[in-house]
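Welcome! Please take a look at the sequence and the 3D view below, and then we will go through them together.

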Amino acid sequence: MTIRGIAFDLEGTSIDVEAAHHGAHLSVAAEMGLELSYEEACLKIPHFIGGPDDKIYEDLLELLPRDVRGGVTVDELLARKKMYYDQHLSKIAIQPRPGFEAFVRAARDMGIRIAIGSLTDRTQAEHLLKESKLIDLFGKSHIVLREDVKNLKPAPDVFLKTASVMGVSPSEQLVFEDSPRGVQAALAAGSKAIGMPVVLRGFAVGALVDAGASRVFFDWREINVAALIRNLA
């Protein structure tokens, strides 16, 4: 297998804003009378790590007493989540994970094409890309977002699209993901996937392996691009 292109998920994988997402989810749950610790949420809400948000709130509604969830919709919870997310996001630095930019530049220097493949909506993604300055590293033509695809992960659409914009075959594409659904989407596209979790707990790592990740790394600074590509060949 020759790797000619690498696609990166945005949130979590490239930019760690998971604290803002998770804090917002817990705030919404608390508002609904469901006080959960982070660990409890990971165990009781199947989609808590990696989303997508609508699935998280479908899970959350199932945990609520019937008389409480009867008059509540997923769309209402999503609106509440956005409010809390903006509050949490304002308190954290929006920047690439340590070593990410160096990894991307090293890959590009080897002649490997690069792209972002994310199901983050365009408004939110453009804010993150601008604040982190990753927009300058990738360029708009190599960024695929939620509005650019029909079916969401674990469907392969987003990574079929990243391969297309890079001008490579999906089988020549390597995908970095922090969620099991993202790994499944990469494999469904015919690409290999590497896990890059933000949540450094056994269950999160195990979920990436179970989803089909070829390798799992915890820090961009621990990866030698040339050695990784050579070992995947």
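How many helices and strands does the protein chain have? The protein chain has twelve helices and six strands, where helices (H or I, at least four residues) and strands (E, at least two) are DSSP runs numbered from the N terminus. Keep in mind that this is a predicted model, in which local features need pLDDT of at least 70, side-chain atom pairs count only at pLDDT 80 or more, and totals for chains, interfaces and linings use all residues. Residues are numbered from 1 along each chain as its sequence is written, and side-chain values use heavy atoms, with hydrogens and water left out.

**The whole chain**

- Along its principal axes, the C-alpha trace of the protein chain spans about 55 × 35 × 35 Å.
- Of the 233 residues, 50% count as buried (buried means under 20% relative accessible area, exposed over 50%, partly exposed in between, with a 1.4 Å probe and protein chains only).
- Among contacts (heavy atoms within 4.5 Å) between residues at least 6 apart in sequence, 67% join residues at least 24 apart.

**Around T120**

- You can find T120 in the loop between β2 (113-117) and α7 (122-132).
- T120 counts as buried because its relative accessibility is 7%.
- The side chain of T120 makes a polar contact with the side chain of E11 at 2.5 Å, and another with the side chain of S118 at 2.9 Å (a polar contact is a pair of N or O atoms within 3.5 Å; within protein, one must be able to donate a hydrogen and the other to accept it, and residues adjacent in sequence count only if both atoms are side-chain atoms).
- T120 and E11 are 109 residues apart along the chain, yet their C-alpha atoms are separated by 7.7 Å.
- Leaving aside neighbours within four places in sequence, T120 is in contact with E11, A125, L145, R146 and E147.

**Around S191**

- Is S191 buried or exposed? S191 counts as buried, because its relative accessibility is 5%.
- S191 sits in the loop between α10 (180-189) and β5 (192-195).
- A polar atom of the S191 side chain lies 2.7 Å from the backbone oxygen of P170.
- Not counting residues up to four places away in sequence, S191 touches P170, Q173, V175 and A186.
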